[in-house]
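Please study the sequence and the three-dimensional structure shown below. The paragraphs after it are meant to be read with both in view.

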Amino acid sequence: VQLVESGGGLVQPGGSLRLSCVASGSIYKINRMGWYRQAPGKQRELVATITSGGSTNYADPVKGRFTISRDDAKNTVSLQMNSLKPEDTAVYYCNAALIPRSSWAPADYWGQGTQVAVSS
């Protein structure tokens, strides 16, 4: 099982970016999917999660600006980021709680991360 993110980059304050993550491999079921971020010198923190039923949860700093969505037919999760601020600068990681067919054991999987930089 592999998670691969895309869509990071450099954007000016107030701009928008859309991150995407695709889970590939022999997967039986994906439960929760989400995005986390880690800024230099800081711990990794939750950005947003979405359950298999579509329930969402957002960190307070991104509420009203970021929107998480998923496409179960494509095993993807996306993060639309609007009104970006310099403090959103971080490496963004995709996370999926899933059951692989190889082990049938639920586990957390992580992507390699994609850099988001917000600067003028």
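Predicted model: local features only at pLDDT ≥ 70, side-chain atom pairs only at ≥ 80, totals over all residues.

Residues are numbered from 1 along each chain as its sequence is written, and side-chain values use heavy atoms, with hydrogens and water left out.

The chain contains 0 helices and 11 strands. Both kinds of element are DSSP runs numbered from the N terminus, helices being H or I with at least four residues and strands being E with at least two. Read from the N terminus on, the order of elements is β-β-β-β-β-β-β-β-β-β-β.

How does the radius of gyration of the chain agree with that of a compact globule? For 120 residues, a compact globule would have a value near 14 Å, and the chain has 14 Å, which agrees. The radius is taken over C-alpha atoms, and the globule rule is 2.2 Å times the number of residues to the power 0.38. Along the principal axes, the C-alpha trace spans about 45 × 25 × 25 Å.

Of the 120 residues, 41% count as buried. Here, buried means under 20% relative accessible area, exposed means over 50%, and partly exposed lies in between, with a 1.4 Å probe and protein chains only. The chain exposes about 6,200 Å², of which carbon and sulfur atoms supply 47%; such areas come from the Shrake-Rupley method with a 1.4 Å probe, and for residues only the protein chains shown count as cover. Contact means heavy atoms within 4.5 Å. Among contacts between residues at least 6 apart in sequence, 56% join residues at least 24 apart.

The chain also carries 12 positive and 8 negative side chains, and the centres of the two sets lie 3 Å apart. Lys and Arg count as positive and Asp and Glu as negative, while His and the chain ends are not counted. The place of each charge is taken as NZ of Lys, CZ of Arg, CG of Asp or CD of Glu.

Consider next strand S8, which covers residues 76-81. Because 5 of its 6 residues are buried, S8 is largely enclosed by the rest of the structure. Two strands are said to pair if DSSP finds at least two bridges between them. Strand S3 (residues 17-24) pairs with S8 in the antiparallel sense over 6 bridges, and strand S7 (residues 66-71) likewise pairs with S8 in the antiparallel sense over 6 bridges. Thr76 of S8 is the bridge partner of Val22 and also of Asp71.

S7 and S8 form a hairpin with 4 residues between them. Asn75 lies in the loop between these two strands and has a positive phi of about 55 degrees although it is not a glycine. At 23% relative accessibility, Asn75 counts as partly exposed. Ser83, in the loop between S8 and S9, has a positive phi of about 50 degrees and is not a glycine either. With 40% relative accessibility, Ser83 counts as partly exposed.

Which strands pair with S9 in the antiparallel sense? Strand S4 (residues 27-38) is joined to S9 by 9 bridges, strand S11 (residues 114-118) by 3 bridges, and strand S10 (residues 107-110) by 4 bridges. Asn95 in S9 is the bridge partner of Gly34 and stands opposite Trp110 in S10, while Ala90 stands opposite Val116 in S11. S9 and S10 form a hairpin with 6 residues between them, and Trp104 in the turn has a positive phi of about 60 degrees.

Two further residues may be located in the strands. Leaving aside neighbours within four places in sequence, Thr49 is in contact with Arg32, Met33, Gly34, Tyr36, Ser55, Thr56, Asn57 and Ile68. Asp71, in S7, counts as partly exposed at 30% relative accessibility. Asp71 and Ser52 are 19 residues apart in sequence and 9.9 Å apart in space, C-alpha to C-alpha.
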